[in-house]
Amino acid sequence: MYIVSLRYIRPLADIEAQLPAHIAYLEHYYAQGIFLLSGRKEPRDGGIIILRAPDRASVERIIQEDPFHQHQLAEYSITQFLLTKTADALEYLRETV
């Protein structure tokens with residue numbers, strides 16, 4: 001499991017211009033079951049994506065497809081974690097260690 005934290009490095013007007021393409025990118029990976037959660041940070045200086053991927057290299061390849069990355073609008077931080085405890089409704093996401 002990975003947390004990808006985006007930090008915008010360009011004005012919001014530039015972000016807004018690429019937002020429809022970014023949403024299409026998100027929807028593509030949601031449809032594949034890779035992206036699990038995502039949203040804007042508050043204050044609006046970036047976003048968070050929580051995803052499942054086999055390894056960090058896969059996450060890095062996925063990030064390369066993000067229009068925000070392709071247009072150099074955001075910097076990305078990747079954190080891997082092992083999900084071992086969840087609310088009961090999210091039990092299917094738990095990993096065994």
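How many aromatic pairs does the count come to? The count comes to five aromatic pairs, where rings of Phe, Tyr and Trp (its six-membered ring) pair if their centres lie within 6.5 Å, planes under 30 degrees apart counting as stacked, over 60 as edge-to-face and the rest as tilted.

The model is predicted, with local features needing pLDDT of at least 70 and side-chain atom pairs counting only at pLDDT 80 or more, while totals for chains, interfaces and linings use all residues. Residues are numbered from 1 along each chain as its sequence is written, and side-chain values use heavy atoms, with hydrogens and water left out.

| Pair | Ring centres | Plane angle | Class |
|---|---|---|---|
| Y25 and Y29 | 5.7 Å | 70 degrees | edge-to-face |
| Y25 and F35 | 5.7 Å | 75 degrees | edge-to-face |

Y25 and Y29 both lie in helix α1, four residues apart, which is about one turn of the helix; helices (H or I, at least four residues) and strands (E, at least two) are DSSP runs, numbered from the N terminus. Y25 and Y29 are both buried, as is F35, where buried means under 20% relative accessible area, exposed over 50% and partly exposed in between (1.4 Å probe, protein chains only). Ring pairs link Y25, Y29, Y30 and F35 into a cluster.

**Helix α1**

The buried residues of α1 are I15, Q18, L19, H22, Y25, L26 and Y29, and they pack against β1 (2-8), β2 (35-40), β3 (46-51), α2 (56-64) and α3 (67-70). After α1 comes G33, whose phi is positive, near 80 degrees.

**Strand β1 and its partners**

Strand β1 pairs in the antiparallel sense with β3 over six bridges and, also in the antiparallel sense, with β4 (residues 74-80) over seven bridges; two strands pair if DSSP finds at least two bridges between them. V4 has I49 in β3 as its bridge partner, whereas L6 stands opposite Y76 in β4. The covered face of β1 holds Y2, V4, L6 and Y8, and the uncovered one I3, S5 and R7.

**The nonpolar core**

The largest nonpolar core has 21 residues, of which V4, F35, I49, L51, V59, I62 and F68 touch the most other members; such a core is a set of buried Ala, Val, Leu, Ile, Met, Phe, Trp, Tyr and Cys residues joined through side-chain atoms within 4.5 Å. At least two residues of this core come from each of β1, α1, β3, α2 and β4, and α1 supplies the largest share, five residues. Leaving aside its neighbours within four places in sequence, V59 is in contact (heavy atoms within 4.5 Å) with Y2, V4, L51, A53 and I78.

**R56 in helix α2**

R56 lies in helix α2 and, at 40% relative accessibility, counts as partly exposed. Not counting residues up to four places away in sequence, R56 touches Y2 and I78. R56 and M1 are 55 residues apart in sequence and 9.6 Å apart in space, C-alpha to C-alpha.
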